[in-house]
Amino acid sequence: MVLWQHTAARAQREARSVAEAARKHLCAIEHTHKHVAVVFLGAPGVGKGTYASLAARLLGLRHVVMGDILRRHAPEAASTGELLADEDVTRLLHADLEREARSVVLDGFPRTLRQAKLLNTPPFDVAVPVAVLLTLDETALVAKCLGRRVCQACGESCNVADVRLDDSAGMPRVELPALAPPQRCSASDDTSASTTPATPHARLYPDAEAGSAASFLQRFDTTCDLHARADDTDEAVIRRRLAIFEAQGQPVQEYYGEQGALTQFDITHGIPETTLPLMSTISEALGAASQRVLAGATSRL
Ligand SMILES: [Zn+2]
């Protein structure tokens, strides 16, 4: 095995042992609460879904994606973007948790302060020992949104943006390499899949030459049908989406801050470098929460 494989294997082993410690903290909390949710917060494009799924797998928890629940149980609202009342959304989520009463990693909920408050008060009463707020430099965030490509057949995604920002004015150095697409599309056998060739976005950030996106994707010779999503192609639209998240997300973050549950994690590198420190952060936060429960300092998380 070459050196980087050794290093990667060790990081994976360490992440697993950190996750094991986190599980023990979680057990202490599960004794006093029927439903426990580790909440992931973060702006669109920050990689929330990816990291929530990764954490769920390592922690042995179910990854509950609010968007999926809405698509399943309120398809009209999900497709038209019509807003459901906070009570209705919370009820749908709670019904899902009741079906399989165990701890979950929650992704895409709560979006509003009202939802956050409803979640951990009766009749819902879901404990949130940790709310992980993923943050990423805004320049990098916009670049990663512009670089996202999603397969129209299987839903897998990749990212053509290779983002490297030097540290400046107290901001850490950012190195977020492009993400390769899967080689074989899992929906390859589906003949109904579109065969329209991808129209790669010409713009890469920072200052990569036009056409790099196409040459990046060509390198992988993937069978996936990769396209930029319509709302990912316009920088103004992306910035507007971020502003909405800021306005809505701030009160949610403040709420979890007051509860002692908010844990901010700044993403500066790719998934391999991020997994271990992220899991350590979650484990420490769960440890602190379990101490609060054991000390009886809070009847409710
Ligand atoms: Zn595919």
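Tutor: Let's start with a definition: two residues are in contact if their C-beta atoms, placed from the backbone, lie within 7 Å. Helices (H or I, at least four residues) and strands (E, at least two) are DSSP runs, numbered from the N terminus. This is a predicted model, in which local features need pLDDT of at least 70 and side-chain atom pairs count only at pLDDT 80 or more, while totals for chains, interfaces and linings use all residues. Residues are numbered from 1 along each chain as its sequence is written.

Student: Which strands does helix 10 lie across?

Tutor: Helix 10 (residues 271-294) lies across strand 1, strand 4 and strand 10, and runs at about 150° to strand 4. Axes here are lines fitted to C-alpha atoms, for helices over the stretch in contact, and angles run from 0 to 180 degrees between N-to-C directions.

Student: How do you know that strand 1 pairs with strand 4?

Tutor: Two strands pair if DSSP finds at least two bridges between them. Strand 1 and strand 4 (residues 126-135) have seven, in the parallel sense, so they meet that definition. One example is Val36, whose bridge partner in strand 4 is Ala127. Strand 1 also runs parallel to strand 3 (residues 104-107), with four bridges; there Ala37 stands opposite Val104 and Phe40 opposite Asp107.

Student: What makes strand 2 and strand 10 edge strands?

Tutor: Five strands form an open sheet with parallel pairing, in the order 2-3-1-4-10. Strand 2 (62-65) and strand 10 (262-266) each pair on one side only. From one strand to the next, the twist averages 25°.

Student: Why is strand 1 called largely enclosed?

Tutor: A residue is buried if 20 or more other C-beta atoms lie within 10 Å of its own, exposed if 12 or fewer, and partly exposed in between. Eight of the eight residues of strand 1 (residues 35-42) are buried, so the rest of the structure largely encloses this strand.

Student: What makes Ala143 count as buried?

Tutor: Ala143, in helix 7 (residues 138-147), has 27 C-beta neighbours inside 10 Å, so it counts as buried.

Student: Why is helix 7 called oblique to helix 9?

Tutor: The axes of helix 7 and helix 9 (residues 235-258) come within 10 Å and cross at roughly 125°. That makes helix 7 oblique to helix 9, because angles under 35 degrees count as roughly parallel, over 145 as roughly antiparallel, 65 to 115 as roughly perpendicular and the rest as oblique.

Student: Which residues of helix 7 meet helix 9?

Tutor: Leu141, Val142, Cys145 and Leu146 in helix 7 meet Glu235, Ile238, Arg239 and Leu242 in helix 9.
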